[in-house]
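Here are my notes on this model, as numbered points. Please read them with the structure open.

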Amino acid sequence: MKTKKHTTDVRVVTLGCSKNLVDSENLVTQLQANDILADHEKGQAAADVVIVNTCGFIEAAKQESIDTVLHYADMKSRGKLQKLYVTGCLSQRYREDLQHEIPEVDAFFGTMELPALLSKFDADYKHELIGERTIWTPEHYAYLKISEGCNRTCSFCAIPLMRGKHVSKPMEAIIAEAQSLVRRGVKEIILIAQELTYYGLDIYKERKLAALLDQLAAIEELAWIRLHYAYPSRFPEEVFDVMARHPNICNYIDMPLQHVDDGVLTRMKRQITQEETRALIGKAREKVPGLCFRTTLMVGFPGETEQEFASLCRFVEEIQFERLGVFEYSHEEQTGAYDLIDNIPPNAKAQRAGTLMEIQKAISLKHNEAKLGSDVEVLIDRKEGNSFFGRTEHDSPEVDNEVVVDAARDFVRVGDFASVEIYDVTEYDLYGILSK
Ligand code: SF4
């Protein structure tokens, strides 16, 4: 057995999105490779050192991160923790304020400061580990980040302030990482970035998402490739052709549209109109038959009138999105929209979000009802109580529908694919039995 450099137990607490999760996976991998006892926090007894990887996306996420840091700061002041470090987006954005307000924290780090964080443990950043991270998702799926940062200028968005300009990972590094994940049993790779479609423009001087997908799809044993976070303006349509060509690229795309009213789109600086958005969705559905189109929309943007919101509702009714998430606008300092007046009261924002989700509930039920009696291929994610829970290619982990299979009646293995006949549905779940 290897001698550990440190006997202290380091735990990483991750808040926020899948991109942060990948950063934490890299951090834990680097610590372990330096012979340091490190793992993700799993809610067990306290460790000696805690690193909180924070999120600073919107007000609610910031508050959750601050509450978490305060929780561990309190543990440290009660002598239950030796050291507390804070990294990630919130720390990048508000380091000075946080240093002042939470002095119990031993050090704060920005999103690009992994080597500095490692140096606190006398650990070196090991370049040879790129692509070798241990994953914290179930063994059969993993997120793969293809770039960092964002060059867009959406007026509501604070992400470029925290993650910097777009930096694509070289294609060969992504392919090597995907191959390594597949060798370790991963069946589904979920491509993530702040903005997928910009991939390649910085390092290759041309958009390379389609070429990247072509290469990824050629990896044998990689059953599913899923695309998250594509920016709609000037979308590279050859991506749809590649999706249609390869059966192992899921008929699924997550394209956050944010809004569709032309006035709001202009104020959001989204560089697209409602008509162009409609045409793009039409093209996507035409080129990729059976496509599941996921989007997120934002309500309560400064100055969003009743008419503008009504136009958003009409669009949702018209398009019948397969999957939809709704955010309430959060007034973030240093963003372009911060100069506008945040004039929609919180209760009106919540009401608009609720209205949209009510519309979507009926749409989602209709989509699910269309699956009644059919056989669907399901990747089984977990067993809980007397049920197995899995997903179809139309569903991403955490955010989309699940297929529930009765474990008392049917046996399947977590991480395996199963053919399931759907016999019942609700708005957001499907119930099935193993197909004969
Ligand atoms: S494309 Fe996404 S990450 Fe980039 S600025 Fe716009 S909303 Fe933010």
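**Notes on the predicted model**

1. Strand E14 covers residues 375–384 and strand E15 covers residues 387–391. The two run antiparallel and are joined by 5 bridges. Within the pairing, Arg382 stands opposite Phe389 in E15.

2. Now the overall layout. The protein chain splits into domain 1 (6–128), domain 2 (134–369) and domain 3 (375–434). Between the C-alpha centres of domain 1 and domain 2 the distance is 28 Å. Their contact draws 16 residues from domain 1 and 12 residues from domain 2.

3. Which helices each supply at least two residues of the side of domain 1 that touches domain 2? They are H1 (18–33) and H3 (89–101). H1 gives the most to that side, with 7 residues. By class, the side of domain 1 that touches domain 2 has 6 nonpolar, 6 polar and 4 charged residues.

4. Last, the ligand. Its surroundings include three cysteines: Cys150, Cys154 and Cys157. Arg152, Ile159, Pro160, Gln194, Glu195 and Tyr231 also surround the ligand. By class, this shell has 6 nonpolar, 1 polar and 2 charged residues.

Conventions:
Residues numbered from 1 in each chain as written. Predicted model: local features only at pLDDT ≥ 70, side-chain atom pairs only at ≥ 80, totals over all residues. Domains from an automatic or database assignment. Contact = placed C-beta atoms within 7 Å. Helix = DSSP H or I, 4+ residues; strand = E, 2+ residues; numbered from the N terminus. Nonpolar A, V, L, I, M, F, W, Y, C, P; charged D, E, K, R; others polar. Near = placed C-beta within 6 Å. Pairing = 2+ DSSP bridges.
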